[in-house]
Amino acid sequence: QVQLVESGGGLVQPGGSLRLSCRASGSIWRNNVMGWYRQAPGEQRELVAVITSGGSTNYADSVKGRFAISSDNAKNTVLLQMNSLKPEDTAVYYCNAQRKSLAGTLYDYWGQGTQVTVSS
């Protein structure tokens, strides 16, 4: 079982920045893909950004140019740098890890979530 612990959320003014951290048990690259999702009240959980073991990244259109996902392998951590924050970014942000077994089974692991509130 992969344990994921998020931190770094909080209250920030529009235009401000936050850095979210996701620390994984063991090496993050025991997994194939690490990512961040978010869920606002009354809305479904949506993908924010993902990074693969090979370093490829993908972002939701709504955050492109403002958010950056990266990995710190020495600290078993995936980071999400969030700049130019908007009130629409307010949500609970969840760290996610995906791992595919040799048999083809895809495993999904989730952190507990960290609240990001962008006040107006």
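What follows is a dialogue on how terms were assigned in this predicted model.

Colleague: Start with the disulfide. How do you know that Cys-22 and Cys-95 are joined by one?

Modeller: The S to S distance is 1.9 Å. The cut-off is 2.5 Å. The pair is within it, so Cys-22 and Cys-95 form a disulfide. A search of the whole structure finds one disulfide. The pair links distant parts of the chain, with Cys-22 in strand 3 and Cys-95 in strand 9 (residues 91-100), 73 residues apart.

Colleague: What makes the disulfide of Cys-22 and Cys-95 left-handed?

Modeller: The torsion about its S-S bond. That torsion is about -80°, so the disulfide is left-handed.

Colleague: Why is Cys-22 called buried?

Modeller: Its relative accessible area is 0%. Buried means under 20%. Cys-22 therefore counts as buried. Cys-95 also has 0% relative accessibility, so Cys-95 is buried as well.

Colleague: What does Cys-22 touch, beyond residues up to four places away in sequence?

Modeller: Leu-4, Val-5, Glu-6, Met-34, Trp-36, Asn-76, Thr-77, Val-78 and Cys-95. As for Leu-80, its C-alpha is 8.4 Å from that of Cys-22, and the two residues are 58 apart along the chain.

Colleague: Why is Thr-105 called partly exposed?

Modeller: Its relative accessibility is 38%. Buried is under 20% and exposed is over 50%. The value 38% falls in between, so Thr-105 is partly exposed. Thr-105 lies in the loop between strand 9 and strand 10 (106-110). Leaving aside neighbours within four places in sequence, Thr-105 is in contact with Arg-99 and Lys-100. Glu-43 is 28 Å from Thr-105, C-alpha to C-alpha, and 62 residues away in sequence.

Colleague: Now the sheet. In what order do the four strands of the open sheet run?

Modeller: The order is 1-3-8-7, with antiparallel pairing.

Colleague: What makes strand 1 (4-7) and strand 7 (67-72) edge strands?

Modeller: Each has a single partner strand, so one side of each is left without a neighbour in the sheet. From one strand to the next, the twist averages 15°.

Colleague: How do you know that strand 3 (residues 18-24) pairs with strand 8?

Modeller: Count the bridges. Six join strand 3 to strand 8. Pairing needs at least two. Six meets that, so the strands pair, and they run antiparallel.

Colleague: How many bridges join strand 7 to strand 8?

Modeller: Six, and these strands run antiparallel. Asp-72 stands opposite Thr-77 in strand 8. Their hairpin has four residues between the strands, and Asn-76 takes a positive phi near 55° there.

Colleague: What makes strand 5 and strand 6 (residues 57-59) a pair?

Modeller: Three bridges join strand 5 to strand 6. The threshold is at least two, so three bridges make them a pair. The strands run antiparallel. Ile-51 has Thr-57 in strand 6 as its bridge partner. In this hairpin, with four residues between the strands, Gly-55 has a positive phi near 95°.

Colleague: And how is strand 4 joined to strand 5?

Modeller: By six bridges, antiparallel. Trp-36 is partnered by Ala-49 in strand 5. Six residues lie between the strands of this hairpin, and Gly-42 takes a positive phi near 75°.

Colleague: How do you know that Gln-81 and Arg-19 make a polar contact?

Modeller: Their side chains come to 3.1 Å. The limit for a pair of N or O atoms is 3.5 Å. Gln-81 sits in strand 8 (residues 77-82). Beyond neighbours within four places in sequence, Gln-81 is in contact with Ser-17, Leu-18, Arg-19, Arg-66, Phe-67 and Ala-68.

Colleague: Last, the largest nonpolar core. Which of its 29 residues touch the most other members?

Modeller: Leu-4, Met-34, Trp-36, Leu-80, Met-82 and Tyr-93. Elements giving two or more residues to this core include strand 4 (33-39), strand 5 (46-52) and strand 11 (114-118). Not counting residues up to four places away in sequence, Tyr-93 touches several residues, among them Leu-20, Trp-36, Val-48, Phe-67, Leu-80, Met-82 and Val-116.

Methods
Residues numbered from 1 in each chain as written. Predicted model: local features only at pLDDT ≥ 70, side-chain atom pairs only at ≥ 80, totals over all residues. Heavy atoms only, no water. Polar contact = N/O pair within 3.5 Å; in protein donor to acceptor, adjacent residues only side chain to side chain. Contact = heavy atoms within 4.5 Å. Axes fitted to C-alpha atoms, helices over the stretch in contact; angles between N-to-C directions. Buried < 20%, exposed > 50% of the residue type's maximum accessible area, 1.4 Å probe, protein only. Core = buried A, V, L, I, M, F, W, Y, C linked by side-chain atoms within 4.5 Å.
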